[in-house]
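Thanks for coming. Please have the display open.

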Amino acid sequence: MADQERTEDFAQLLARLRDTYGVTDSEISRRIGVSTGTVNHWTHRRRAPKRDNLQALAREFPKFSEDEIFAAAGRETPGPLSPDGEARVIELWRELTPEQQRAKEIEMRALGEANRTGR
């Protein structure tokens, strides 16, 4: 969130989303494929949403951008991966030794975890 200042938290964004779309927690949960209890946990700030859930919210409720949703959750928006980008990554991966691949996998998992937790 280096370039974006957080102005509302995720629970506040959900309240605004419910008002904007006239939906309930039940409808939100149905549309993004999680339980109503999960949405309730987000609403009451008991649990943070997963990346896939944030992306699903942006897809299902397009008046809210992915950047806006991720910022409210205190996270940076993941970068896109085009088919060409994926092919380049795989090509580079194949040039690494098994030991180098293991090291890169550990590094990538650590970066992904840092993105998930906002640290």
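For what follows, a helix is a DSSP run of H or I that covers at least four residues, and helices are numbered from the N terminus. Note that this is a predicted model.

With that in hand, take helix α7, which spans residues 98–117. Lys104 and Glu107 both sit in this helix, three residues apart, or about one turn. Their side chains meet in a salt bridge, with N to O at 2.5 Å. How accessible is Lys104? Lys104 has 36% relative accessibility and counts as partly exposed. Glu107, at 39%, counts as partly exposed too.

How many salt bridges does the count come to? The answer is nine. I will pick out a few.

Asp9 forms a salt bridge with Arg45, and the closest N and O atoms are 2.6 Å apart. Asp9 belongs to the segment before α1, the helix of residues 10–21, while Arg45 is in the loop between α3 (36–43) and α4 (51–60). The two residues are 36 residues apart, so the bridge counts as a link between distant parts of the chain. Is Asp9 buried or exposed? Asp9 has a relative accessible area of 17%, and the limit for buried is under 20%, so Asp9 is buried. Arg45 has 53%, and exposed means over 50%, so Arg45 is exposed.

Another such pair involves helix α4. Glu60 forms a salt bridge with Arg31, the closest N and O atoms being 3.4 Å apart. Glu60 lies in helix α4 and Arg31 in helix α2, residues 25–32, with 29 residues separating the two. Glu60 is partly exposed, at a relative accessible area of 29%. Arg31 is also partly exposed, at 27% relative accessibility.

Which residues are linked in a network of salt bridges? They are Glu8, Arg16 and Glu68.

Now the rings. A pair of aromatic rings is described by the distance of the centres and the angle of the planes. The count comes to three aromatic pairs. In one of them, Tyr21 and Phe61 have ring centres 4.9 Å apart and planes at 75 degrees; edge-to-face takes over 60 degrees, so this pair is edge-to-face. Tyr21 is in helix α1, and Phe61 is in the loop between α4 and α5 (66–72), so the contact ties together parts that are 40 residues apart in sequence. Tyr21 is partly exposed, with a relative accessible area of 23%, whereas Phe61 is buried, at 0%.

Tyr21 also pairs with Phe64. Here the ring centres are 6.3 Å apart and the planes are at 35 degrees, so the pair is tilted. Phe64 lies in the loop between α4 and α5 and Tyr21 in helix α1, so this pair ties together parts 43 residues apart in sequence. Phe64 counts as buried, at 2% relative accessibility.

Taken together, ring pairs link Tyr21, Phe61 and Phe64 into a cluster. What sits over the ring of Tyr21? The charged end of Lys63 does, 5.2 Å from the ring centre. In this model, then, Tyr21 takes part in the ring cluster and also has a lysine charge over its ring.

That is my part. I can go back to any of these pairs on the display.

Note on methods. Residues numbered from 1 in each chain as written. Predicted model: local features only at pLDDT ≥ 70, side-chain atom pairs only at ≥ 80, totals over all residues. Heavy atoms only, no water. Salt bridge = Lys/Arg side-chain N within 4 Å of Asp/Glu carboxyl O. Buried < 20%, exposed > 50% of the residue type's maximum accessible area, 1.4 Å probe, protein only. Phe/Tyr/Trp six-rings, centres within 6.5 Å; stacked < 30°, edge-to-face > 60°. Lys NZ or Arg CZ within 6 Å of the ring centre and 35° of its normal.
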